[in-house]
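The sequence and structure come next.

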Amino acid sequence: APVALSLTERYHYEDGGPGMTPGSRRLNFAAVDKDPLLPEGELLVDERTGRILEERSSRTDLPGTVKSERRVLTYGEPAPGLWRVMKIETFERWMTSNGVTQVQRNLTYGDFRINDPEFEARRQSARSSDGTMLKQTLEGLRYFNLKQDGQRYVEQKPKTSGRALAGILLVDPGLQMPVMPLGGLVYFDFNAFGKGIQLNAITAIVFNQVQMSVPRLPGGFDLSASFRTLLLPSTERPVKNGKLQDRDGVARQFGYLSTTVGHDLGLGFRLEGSGRFEYDRFSEAREEKYRTPNYTLPPSGLSREWRGDVSWQARGFQLRSYLSTGHRPEGSYGTPAELQQVPDEGDFRRWGGAMAYDHRMTGNWWLHGELGVAGGRGFDRFTSMGLGGEGGVAGIRAGSIAADRMQWAKAGVVLPTGGNFRLTMTLDHARARSVDDQQTYRFTGLGVAGDLPGFWWFTAVRVNLGGGLQSDVPGVRTVNGFVALLRVF
């Protein structure tokens with residue numbers, strides 16, 4: 001964007017009239033050739049000096065990982081005669097393997113030292129340290145890597161892929177071993193095949209996951225896909241009359257493939273259409289004490305679900321609504337005395353919506369708030385709204401209740417990051433109406449997730465754990481999640 005009133009031929013300028021502050025004037029600018037990489041927006045200019053006081057700009061329909069960007073640049077005079085950017089506030093929407101995520105950045109410049117005699121010594125000290133450095137080049141920022149002889153060089157082709165060995169502790173009370181040690185291999189690539197495709201994969205034999213996103217397709221569309229399998233049977237038990245039963249236990253193994261095609265509409269609005277194909281294999285509970293004699297298992301097989309989403313993201317706010325329809329295998333399950341049919345001949349429907357807001361506090365603390373509602377029909381204990389997905393509650397057993405209506409609230413805090421430290425704490429609460437008795441039950445849990453500095457041979461420690469705080473259903477509060485020790489190479 002233009003940063004001086006000498007102006008450039010790549011932009012078209014228009015007088016926007018007087019500014020909000022006395023003695024200022026607004027100047028609108030837009031790219032002449034409509035290049036999506038060039039921003040458009042507004043300058044607030046001091047009429048007496050010609051200095052830019054503030055610049056507001058936006059870019060949409062970007063061709064890469066960043067889908068759109070809005071930013072505000074505030075100018076000031078930190079020293080006599082030095083007029084420069086003092087603060088940058090940016091709101092970006094990134095295409096990731098988990099969908100589109102809003103990224104907020106706030107840069108504040110201070111403690112300026114003009115012609116400091118210690119500058120050369122301080123720069124040399126930084127270059128000789130083992131810290132990560134970036135250097136501005138004509139092609140943009142590049143890593144300024146340290147060589148063995150103590151000199152640094154510009155990495156011409158940034159490394160976009162990597163691998164890691166992982167030692168994982170999987171915590172799930174529904175498994176035969178509530179705490180399961182696993183070993184796995186992680187692979188990631190932010191520019192797969194040289195096409196800007198993002199790829200993340202993890203394999204631990206009994207648990208496997210692959211996520212991929214293609215940020216740019218013809219027509220301005222994008223694509224994301226996710227594949228996951230869990231080969232360890234996890235026992236699910238029904239809840240009746242507000243109590244977790246010690247009978248009618250059924251073990252489930254699953255694998256699913258989900259694909260989503262999205263399109264940005266501008267101004268933060270977005271449409272998505274997705275398809276999900278899941279294969280469930282049901283078997284007798286591994287724990288003999290939860291088995292019921294002559295219990296007919298639900299039909300194993302392939303379920304299909306089609307979903308449409310409408311969302312909006314801007315300046316920390318997020319709104320989303322969705323509607324889906326699906327079909328699963330027909331059949332019956334239960335004891336001979338209480339044999340039940342799969343509802344609606346296997347057809348089911350889901351709907352829901354949520355709104356959220358992220359707010360930056362002083363000291364780089366972030367607060368997150370979220371409210372949501374979801375519902376549907378054609379549900380039973382094996383296909384329903386659960387506490388393990390959207391609106392899930394940390395520390396509550398997955399499959400603890402089969403619900404056809406849910407309302408939830410989340411409050412989170414992101415601790416200031418630094419080095420290899422990133423930690424988020426969330427307080428979750430949900431109200432769920434049971435399919436079995438149409439009674440509403442409440443659940444509350446505390447979640448902790450993030451990255452911690454590594455130790456010994458490991459590069460980093462990744463945690464995602466939840467602890468149940470309150471439940472109207474006895475026996476479903478627990479500790480669940482995982483701890484992964486990563487060695488990146």
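**Basis.** I worked with a predicted model, in which local features need pLDDT of at least 70 and side-chain atom pairs count only at pLDDT 80 or more, while totals for chains, interfaces and linings use all residues. Residues are numbered from 1 along each chain as its sequence is written, and side-chain values use heavy atoms, with hydrogens and water left out.

**Entry 1: strands 4 and 5.** I took strands as DSSP runs of E with at least two residues, numbered from the N terminus. I counted two strands as paired if DSSP finds at least two bridges between them. Strand 4 (residues 52-59) and strand 5 (residues 66-79) run antiparallel and are joined by six bridges.

**Entry 2: strands 5 and 6.** Strand 5 also runs antiparallel to strand 6 (residues 82-96), with eleven bridges joining them. I found Arg71 opposite Thr90 in strand 6. This hairpin has two residues between its strands, and Gly81 in the turn has a positive phi of about 85 degrees.

**Entry 3: Asp380.** Is Asp380 buried or exposed? I located Asp380 in the loop between strand 25 (366-377) and strand 26 (403-414). Asp380 is buried (under 20% relative accessible area, with a 1.4 Å probe and protein chains only), at a value of 4%. Leaving aside neighbours within four places in sequence, I listed its contacts (heavy atoms within 4.5 Å), which include Arg328, Tyr333 and Val435.

Note on methods
Helix = DSSP H or I, 4+ residues; strand = E, 2+ residues; numbered from the N terminus. Buried < 20%, exposed > 50% of the residue type's maximum accessible area, 1.4 Å probe, protein only.
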